[in-house]
Amino acid sequence: MARNAAAAVTSADVARLAGVSRATVSFVLNNTQAHRVSEATRAKVLAAADTLGYVPHAAARSLRAGRNNLVLIPAAVSAIGRLVSGWIDDLHSELERYGYTAVLHAGRFTDPAVAARAWAELRPGAVLALDGASLTPVSADVLRRAGVRALMALAPRPVEGVYTVVFDDARVGVLATEHLVAQGRRRIGVVMPRERGLSAFAEPRLAGARSVAARTTATVTPLAMQYTHACAVELANSGWGVRGLDGVFAYNDEYAALLLHALRNAGVDVPGEVAVVGCDDLVTAALQRPSLTTVRLDVPCAARVAAALHDLIETGTAAPLAAVEPVLVRRESA
């Protein structure tokens with residue numbers, strides 16, 4: 001026999017147990033400052049809610065408030081490296097200070113308009129796109145019509161209708177490859193992660209590397225690599241000498257560290273035979289042997305991004321944030 005689900009606890013149940021009105025329960029649980037509730041009454045309501053295990057209905061609360069405090073961040077889980085995950089964690093904390101909740105959305109979409117409609121179904125108060133290509137003027141219009149109050153994107157150029165923090169991934173590829181070429185490297189491999197969600201960032205970096213090759217005597221070869229030890233070992237051992245590569249830009253420090261260790265274990269001298277450059281300037285980059293040359297990304301701090309999102313939600317405008325400028329950090333590997 002099928003088991004019926006238990007009935008959800010409501011604010012009316014809390015009101016009956018506490019001996020107060022539903023309005024009083026709403027004032028207490030929503031921390032409504034415009035209505036004074038005695039500390040004794042507040043304590044009774046909170047105790048009753050705790051006893052019953054009552055959880056407020058977010059959608060209903062948003063309807064009453066006239067806005068949703070959800071900040072939606074579209075991002076595939078595989079796209080969140082250590083640098084980004086730490087930054088998002090800080091952003092969660094900063095948004096909580098303003099009463100917002102950040103939620104990652106890992107849906108798979110190839111059409112920005114389809115993606116925007118899926119995000120709009122959740123009626124978020126704001127959307128923060130780490131991949132600026134996912135927010136176009138058309139998708140921004142879809143979200144605006146659904147009542148989304150703030151749209152922010154990290155993108156290589158300003159997007160119409162979207163508060164844009166300029167960040168061009170191609171510049172990362174340019175900076176890393178220019179450094180390798182300056183070191184006399186001419187046959188350069190660019191690691192292209194196989195993980196879903198990373199191509200939006202990896203492809204512009206490859207394009208940046210190719211733009212350097214187009215104006216120099218260097219050549220660029222894409223190297224597909226999964227973020228596993230086995231894949232790094234396979235790449236390092238499967239005809240590395242035949243490829244004749246003397247430099248590698250390895251997408252980020254995590255892929256670079258895997259490949260660096262695999263190359264050394266395969267008897268390839270780094271940087272003598274092959275110079276290696278990563279990206280993100282993680283703490284572990286300086287601890288590699290040899291220490292890893294990398295590209296640091298000076299992303300706006302989470303507190304400033306949260307403040308800008310809050311201003312956009314409240315007023316529709318916010319002071320501009322500085323563009324993300326990649327900076328080469330030169331160490332021993334290149």
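Reader: At what angle do the axes of α6 and α7 cross?

Author: This is a predicted model. In it, the axes of α6 and α7 come within 8 Å of each other. Their crossing angle is roughly 20°.

Reader: Are α6 and α7 roughly parallel or roughly antiparallel, and what is the handedness of the crossing?

Author: The axes cross at roughly 20°. Angles under 35 degrees count as roughly parallel, so α6 and α7 are roughly parallel to each other. As for handedness, the crossing in which α6 passes α7 is right-handed.

Reader: Which residues of α7 does α6 meet, and how do the residues of the contact divide by type?

Author: On the α6 side the contact is made by P112, A113, A116, R117, W119 and A120. On the α7 side, V138, S139, V142 and L143 take part. The residues of this contact divide into eight nonpolar, one polar and one charged.

Reader: Why do the buried residues of α7 lie on the same side of the helix?

Author: Helix α7 spans residues 137-145, and its buried residues are S139, A140 and L143. They lie on the same side of α7 because the arc they cover around the axis is only 105°.

Reader: What covers that buried side, and which exposed residues are on the face turned away from it?

Author: The cover over the buried residues of α7 includes α6 (112-120), β3 (126-129) and β4 (150-155). The face of α7 turned away from the buried side carries exposed residues, namely V138 and R145.

Reader: Which residue with a positive phi follows α7?

Author: Helix α7 ends at residue 145. The residue in question has a phi near 95°, and it is G147.

Reader: Is F249 buried or exposed?

Author: F249 lies in strand β8, which covers residues 247-249. Its relative accessibility is 0%. Buried means under 20%, so F249 counts as buried.

Reader: For the chain, what percentage of contacts between residues at least 6 apart in sequence join residues at least 24 apart?

Author: The chain contains 13 helices and 11 strands. Of its 334 residues, 47% are buried. Among contacts between residues at least 6 apart in sequence, the share joining residues at least 24 apart is 71%.

How values were computed
Residues numbered from 1 in each chain as written. Predicted model: local features only at pLDDT ≥ 70, side-chain atom pairs only at ≥ 80, totals over all residues. Heavy atoms only, no water. Buried < 20%, exposed > 50% of the residue type's maximum accessible area, 1.4 Å probe, protein only. Helix = DSSP H or I, 4+ residues; strand = E, 2+ residues; numbered from the N terminus. Arc of directions from axis to C-beta. Contact = heavy atoms within 4.5 Å. Axes fitted to C-alpha atoms, helices over the stretch in contact; angles between N-to-C directions. Parallel < 35°, antiparallel > 145°, perpendicular 65-115°, else oblique. Left-handed = near helix turned anticlockwise from the far one by under 90°. Nonpolar A, V, L, I, M, F, W, Y, C, P; charged D, E, K, R; others polar.
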